[in-house]
Amino acid sequence: MRHGKKVNHLGRTDSHRKAMLANMATSLIKHKRITTTLAKAKALRTYVEPLITKSKNDTTHSRRTVFAYLKDKDAVTILFREISEKVATRPGGYTRIIKLENRLGDNAEMAFVELVDYNEVYGKDAKAEKKTTRRRGGAKKKAAEGTETVEVVEEVKAEEAVATEEAPATEEKKD
């Protein structure tokens, strides 16, 4: 029975599992997103999120603690410089797991693990577009924008007509 056993061993010994999670966390920090199996992704989330939380407090002790888990100096530097600045106001939930299709070779459930603040699809741009669309008053704004674009197009056509009239006159003088 599994009473009180919360750690997913992932079919590996303790040392192998720790080394694998450290390597995956380093790859996630360096590349901002990785593809792996769903079970490894869930294990990685529990491994890397406390490290990101610890990186918010940039002290020598927290750097040494994170280095003991990651064992990669470059990853620790990226974590404490870039990532900690982006997640400073976020209270948790730094990673996102998105399920993918099963792997062809062994039909394993695959997943996409990424840092939330580094995704362009679900980023701030999508929220900004959603805020600008309103039902009330939206038709008036769109109608006003439509008339402005028509005026700009007419001005451009007028400028092109002037340019085409000048072009043959310059050619005739050269002959």
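Modeller: Buried means under 20% relative accessible area, exposed over 50%, and partly exposed in between, with a 1.4 Å probe and protein chains only. This is a predicted model, in which local features need pLDDT of at least 70 and side-chain atom pairs count only at pLDDT 80 or more, while totals for chains, interfaces and linings use all residues. Residues are numbered from 1 along each chain as its sequence is written, and side-chain values use heavy atoms, with hydrogens and water left out.

Biologist: With which residue does Glu-82 form a salt bridge?

Modeller: A salt bridge is a side-chain nitrogen of Lys or Arg within 4 Å of a carboxyl oxygen of Asp or Glu. Here the partner of Glu-82 is Lys-32, with the closest N and O atoms 3.7 Å apart. Lys-32 lies in the loop between α1 and β1 and Glu-82 in helix α4, so the pair ties together parts that are 50 residues apart in sequence. Helices (H or I, at least four residues) and strands (E, at least two) are DSSP runs, numbered from the N terminus. Lys-32 is buried, at a relative accessible area of 11%.

Biologist: How many salt bridges does the structure hold?

Modeller: There are 9 salt bridges. One of them joins the side chains of Lys-30 and Asp-72 at 3.0 Å, N to O. Lys-30 is in helix α1 and Asp-72 in the loop between α3 (60-70) and α4 (73-86), 42 residues apart. Asp-72 is buried at 17%, whereas Lys-30 is partly exposed at 35%.

Biologist: How far apart in helix α1 are Arg-17 and Asp-14?

Modeller: They are 3 residues apart, about one helical turn. Their salt bridge has its closest N and O atoms 3.0 Å apart, and Lys-18 is linked with Asp-14 and Arg-17 in a network of salt bridges.

Biologist: How should I read the sheet, and which strands stand at the edges?

Modeller: Strands of a sheet pair through backbone hydrogen bonds, either parallel or antiparallel. Two strands pair if DSSP finds at least two bridges between them. In this model 3 strands form an open, antiparallel sheet in the order β1-β3-β2. The edge strands are β1 (33-37) and β2 (95-99); each has a single partner strand, so one side of each is left without a neighbour in the sheet.

Biologist: How many bridges join β2 to β3?

Modeller: The two strands are joined by 5 bridges. Within this pairing, Arg-96 has Glu-114 in β3 as its bridge partner.
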